[in-house]
Amino acid sequence: MEPMFARFVSLFLGSAFSLAALAQAYPSKPITFVIPFAAGGDSDLSGRNVAQHAQKYLNNQPIISVNRVGASGTIAAAAVRAAPADGYTLLVARIATHAIMPALDSKLSYKWNDFTMLSLIELNPFICFVKGDAPWKSAAELIASTRAYPGKLNYSTSGLGTSQNMSVQYLMTLAGLTKDHAVGIHYKGGGEVTTSVLGGQVHFACNNAPTVIPQIKAGALRGMFVMPARLPEIPEVPSAREAGFPDMEKIVGWTALMGPPGLPKEVVDRWVDVFARLAKDPDWQTGNARLGGIAAIRSPADSEKFVREQYELYNKLVGALGIRQ
């Protein structure tokens, strides 16, 4: 019995030491961040900001950012889901990859929760706006015109499965309007969503704050309201709640870091520690603020809860609009 007991103790201690060694050793080679959208977008800038500052907390191993675009981010997400669960291939996830597209596309090859959540990273304020000289002074006036002249007003989006499109659809739903009360005009990207309003090609839009704030400050655009709360850069623009649409506070851009399903606990714990350090890192904070993000680092469990709530919001909206594919 004694030799067997000694062997058991040896195996137990050996396993414990090997787990500790794994946690300490990871990473032992470069990590790849797969970014599902093009260079210069919110996911790209946010992911690269994390990559730049997280390396010093990860044995100084390089973090290589790779843009893998297409299909509203789902190509990149599907690739990471199928990657080895070793912590060396991670996804810079966005609202499109994990809330809108899983709700919209019933044939998608993955579900929103087919991933190991590591942390929410940041939120991106969203603004609904019109041209600076437009006749509408408030969201209530814009909605009133949309209701009075169905199909006559239009808005710009960067595609069906994008936050620019779904935010307007949600606003119209909250106002008791149908998806046909305003006409969506699709453009190639978020920059064109803003410039189309500036140029007078469309009447209104909702978009990520960074491309809109400078134009509001210059008077070229007029903000109807901002989500989730007022911004110090444009204090005159009311929040969605103040404008009479409190449920629009749920419409925000966001970025999260995720891995393939089944990441080892030791890898998850290492990233939890890294994000705890980033939350106190002034260089990461400065970079995030410069990009227009609101720091939102959370535990894996809280991150999963947030993503679940976002998915459920869009799943309900897609069902109500009858646009599930």
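Contact here means heavy atoms within 4.5 Å, and helices (H or I, at least four residues) and strands (E, at least two) are DSSP runs numbered from the N terminus. This is a predicted model, in which local features need pLDDT of at least 70 and side-chain atom pairs count only at pLDDT 80 or more, whereas totals for chains, interfaces and linings use all residues. Residues are numbered from 1 along each chain as its sequence is written, and side-chain values use heavy atoms, with hydrogens and water left out.

**View A. The contact of helix α2 with helix α9.** Helix α2 (residues 42-54) and helix α9 (residues 265-278) have axes that come within 11 Å and cross at roughly 95°, the axes being lines fitted to C-alpha atoms over the stretch in contact, with angles running from 0 to 180 degrees between N-to-C directions. The two helices α2 and α9 are therefore roughly perpendicular to each other, a class that covers 65 to 115 degrees, while angles under 35 count as roughly parallel, over 145 as roughly antiparallel and the rest as oblique. From α2, the residues V50, H53 and A54 meet W271, V274, F275 and L278 of α9. These residues of the contact of α2 with α9 divide into six nonpolar, one polar and no charged, where Ala, Val, Leu, Ile, Met, Phe, Trp, Tyr, Cys and Pro count as nonpolar, Asp, Glu, Lys and Arg as charged, and the others, Gly among them, as polar.

**View B. The contact of helix α6 with helix α11.** Helix α6 (residues 163-174) packs against α11 at an angle of about 70°, with the axes 11 Å apart, and that makes α6 roughly perpendicular to α11. In this contact, M166, Q169, Y170 and T173 of α6 meet L313, Y314, L317, V318 and L321 of α11. By class, the contact of α6 with α11 holds seven nonpolar, two polar and no charged residues.

View C. In helix α2, D44 and R48 lie four residues apart, about one turn of the helix, and form a salt bridge whose closest N and O atoms are 2.7 Å apart. D44 is buried at a relative accessible area of 3%, whereas R48 is partly exposed at 35%; buried means under 20% relative accessible area, exposed over 50% and partly exposed in between (1.4 Å probe, protein chains only). In helix α11 (residues 300-321), R308 and E304 are four residues apart, and their side chains meet in a salt bridge at 3.8 Å, N to O.

View D. The peptide bond from Y26 to P27 is cis, with omega near -5°, and P27 lies in the loop between α1 (2-25) and β1 (31-35). The peptide bond from M227 to P228 is also cis, with omega near 0°, and P228 is found in the loop between β9 (221-227) and β10 (253-259). In the loop between β2 (63-67) and α3 (74-81) lies A71, which has a positive phi of about 55° although it is not a glycine.

Key. Salt bridge = Lys/Arg side-chain N within 4 Å of Asp/Glu carboxyl O.
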